[in-house]
Amino acid sequence: MTHLKTLFTMALLVGLTACSSTPSDDIDRSNNTDLDPLALEGAGGKGAGQNGEDLDLGVEIQGVELEKGIEGSNLGDGASIDGAAAYQPIVYFGYDQANLSDENTELVKHYAQVLVDNPTKNVSLVGHTDERGTPEYNLALGERRAKSVAQVMMLFGVQSSRIEVISFGEEQPEALEHDEQAWVKNRRVEIKIH
């Protein structure tokens, strides 16, 4: 019996030791953001980890390019916030994809900065899909798309508590036709700042 207690105690100590962690850098994260990549500049360069190596934040960024020359003018309720109308508040995706392209990442980064600059504002990220696939699959895909946008926003300093993720799947199409041109418009996440 004492042998079992000793083994249990040793296992508990090993488990606690393995789970303990200490901050490995002295970056001030007290500004209540989930992650502030700009604060990492002092740790070896923008987006760099300790010893100057690139920091892998676990986000894969690729997808459909946003059309050139499109400008948006509303932020969900028609309000313009500090030049936010420079980008259309919609992120488009490839067929069956939830990853962001470089250009779409810039768009999301822009709106993340708008939110950082306006701390009383919140955002709803509304995911949509085209009509192909089952309703259940499309709801899940719309949610993955919205969460992908939310994750990038959090990487650029927006608190997760300010982000609402919603998925309508195929239920609210932008275009009603049944062809690729319509489907491209329907595969989207709308950024609605309120």
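Which residues of helix 3 are buried? The legends below take up this question after a view of the sheet. The model is predicted, so local features are described only at pLDDT of at least 70 and side-chain atom pairs count only at pLDDT 80 or more, whereas totals for chains, interfaces and linings use all residues. Residues are numbered from 1 along each chain as its sequence is written, and side-chain values use heavy atoms, with hydrogens and water left out.

**View 1. Four strands form an open sheet in the order 1-4-2-3, with mixed pairing.** Helices (H or I, at least four residues) and strands (E, at least two) are DSSP runs numbered from the N terminus, and two strands pair if DSSP finds at least two bridges between them. Strand 1 and strand 3 (163-169) are the edge strands, each pairing on one side only. On average, neighbouring strands of this sheet are turned by 20° against each other, with direction ignored. Strands of a sheet pair through backbone hydrogen bonds, either parallel or antiparallel. Strand 1 and strand 4 run antiparallel and are joined by three bridges, and here tyrosine 92 stands opposite arginine 188 of strand 4. Strand 2 pairs with strand 4 in the antiparallel sense over five bridges, with glycine 127 opposite valine 189. Strand 2 and strand 3, in turn, run parallel and are joined by six bridges, and isoleucine 163 in strand 3 is the bridge partner of valine 123.

**View 2. Strand 2 is covered on both faces.** A residue is called buried under 20% relative accessible area, exposed over 50% and partly exposed in between, with a 1.4 Å probe and protein chains only. In a regular strand the side chains alternate between the two faces of the sheet. On one side of strand 2 are Val123, Leu125 and Gly127, on the other Ser124, Val126 and His128, and all of them are buried. Strand 4 is also mostly covered, since five of its six residues are buried.

**View 3. Serine 124 lies in strand 2 and is buried, with a relative accessible area of 8%.** Its bridge partner in strand 4 is lysine 192. The side chains of serine 124 and histidine 194 are joined by a polar contact of 2.8 Å; such a contact is a pair of N or O atoms within 3.5 Å, in which, within protein, one must be able to donate a hydrogen and the other to accept it, and residues adjacent in sequence count only if both atoms are side-chain atoms. Contact in general means heavy atoms within 4.5 Å. Not counting residues up to four places away in sequence, serine 124 touches Glu164, Ile166, Glu190, Ile191, Lys192 and His194.

**View 4. Helix 3 packs on the sheet and touches strand 1, strand 2, strand 3 and strand 4.** The direction of helix 3 makes about 155° with that of strand 3, where axes are lines fitted to C-alpha atoms, for helices over the stretch in contact, and angles run from 0 to 180 degrees between N-to-C directions. The buried residues of helix 3 are Asn138, Leu141, Gly142, Arg145, Ala146, Ser148, Val149, Ala150, Val152, Met153 and Leu155. These buried residues pack against helix 2 as well as strand 1, strand 2, strand 3 and strand 4. Just after helix 3, glycine 157 takes a positive phi of about 105°.

**View 5. Asparagine 104 is found in helix 2 and is buried, with a relative accessible area of 0%.** A polar atom of the side chain of asparagine 104 lies 3.0 Å from the backbone oxygen of tyrosine 92. Other buried residues of helix 2 include Leu107, Val108, Tyr111 and Leu115. Strand 1 (90-92), strand 2, helix 3 and strand 4 are among the elements that cover the buried residues of helix 2.

**View 6. The largest nonpolar core holds 21 residues.** A nonpolar core is a set of buried Ala, Val, Leu, Ile, Met, Phe, Trp, Tyr and Cys residues joined through side-chain atoms within 4.5 Å. Val91, Val108, Val123, Leu125, Val149, Met153 and Ile191 touch the most other members. Helix 2 (102-117), strand 2 (123-128), helix 3 (135-155) and strand 4 (188-193) each supply at least two residues of this core, and the largest share, six residues, comes from helix 2. Leaving aside neighbours within four places in sequence, methionine 153 is in contact with Val108, Tyr111, Ala112, Leu115, Val123, Leu125, Val158, Ile163 and Ile191.
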